[in-house]
Amino acid sequence: PPGLASALAASTTPQLLIPGLTLTPGLTYSLRLTATMTAEPSVYSTADVDVEVASEDLVVTTTAPVRDVSASASVVIDASASFDPNDPDDVIDTLRFSLRATPRITIDPAWSSTDGRVITIPAGVLEAGTTYTLVLTGTKDTRSASATVTVRVVAE
């Protein structure tokens with residue numbers, strides 16, 4: 001990454017500290033570390049080290065996990081608090097969401113907000129007297145995580 005080599009080149013401590021979010025998850029970095037005696041610069045040692053940066057799990061959270069709703073009300077599933085610990089601002093890639101319902105309903109992409117983090121199921125889509133399990137899955141690169149919301153639809 002830009003600036004990393006120059007930031008580490010002048011280190012005078014026996015420890016190597018790379019600030020969080022500096023290295024890209026999923027990549028392997030080859031580092032050559034050289035230690036030199038301050039009093040005798042001709043005395044030194046070098047070691048080559050490969051550092052593989054692992055990705056952290058995605059965090060997918062939604063609004064209330066269990067609730068009753070009226071058959072005449074919309075159901076809003078808000079995943080705005082979901083994030084990727086490796087890329088909290090979605091600079092590298094965007095966290096994408098999909099919804100699955102049991103019993104099955106046809107999911108209309110128009111129900112999603114522009115960024116996909118809020119899904120509104122319109123009133124009348126869910127049948128009164130039925131309990132639905134709604135699974136919201138967030139995906140990014142090869143990772144995915146889900147959150148489940150249980151909705152019991154009651155007649156008015």
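Modeller: Let's start with a term: a nonpolar core is a set of buried Ala, Val, Leu, Ile, Met, Phe, Trp, Tyr and Cys residues joined through side-chain atoms within 4.5 Å. Keep in mind that this is a predicted model.

Biologist: Okay, why look for a core at all, and how many residues does the largest nonpolar core have here?

Modeller: In soluble globular proteins, nonpolar side chains tend to be buried together. In this structure the largest nonpolar core has 23 residues. Val-75, Ile-77, Ile-121, Leu-126, Leu-134 and Val-151 have the most contacts inside it.

Biologist: Which strands supply at least two residues each of this core?

Modeller: That would be strand 4 (75–78), strand 5 (96–102), strand 6 (118–121), strand 7 (131–140) and strand 8 (143–154). Strand 8 gives the most, with five residues.

Biologist: Can we zoom in on Val-151? What does Val-151 touch, leaving aside residues up to four places away in sequence?

Modeller: Val-151 is in contact with Arg-67, Val-69, Val-75, Leu-126, Thr-130, Thr-131, Tyr-132 and Leu-134.

Biologist: Now step back. What pattern does the protein follow along the sequence?

Modeller: Reading along, you get α-β-β-β-β-β-β-β-β, that is, one helix and eight strands.

Biologist: What percentage of the residues is buried?

Modeller: Buried residues, meaning those under 20% relative accessible area, account for 26% of the 156.

Terms used
Residues numbered from 1 in each chain as written. Predicted model: local features only at pLDDT ≥ 70, side-chain atom pairs only at ≥ 80, totals over all residues. Heavy atoms only, no water. Helix = DSSP H or I, 4+ residues; strand = E, 2+ residues; numbered from the N terminus. Buried < 20%, exposed > 50% of the residue type's maximum accessible area, 1.4 Å probe, protein only. Contact = heavy atoms within 4.5 Å.
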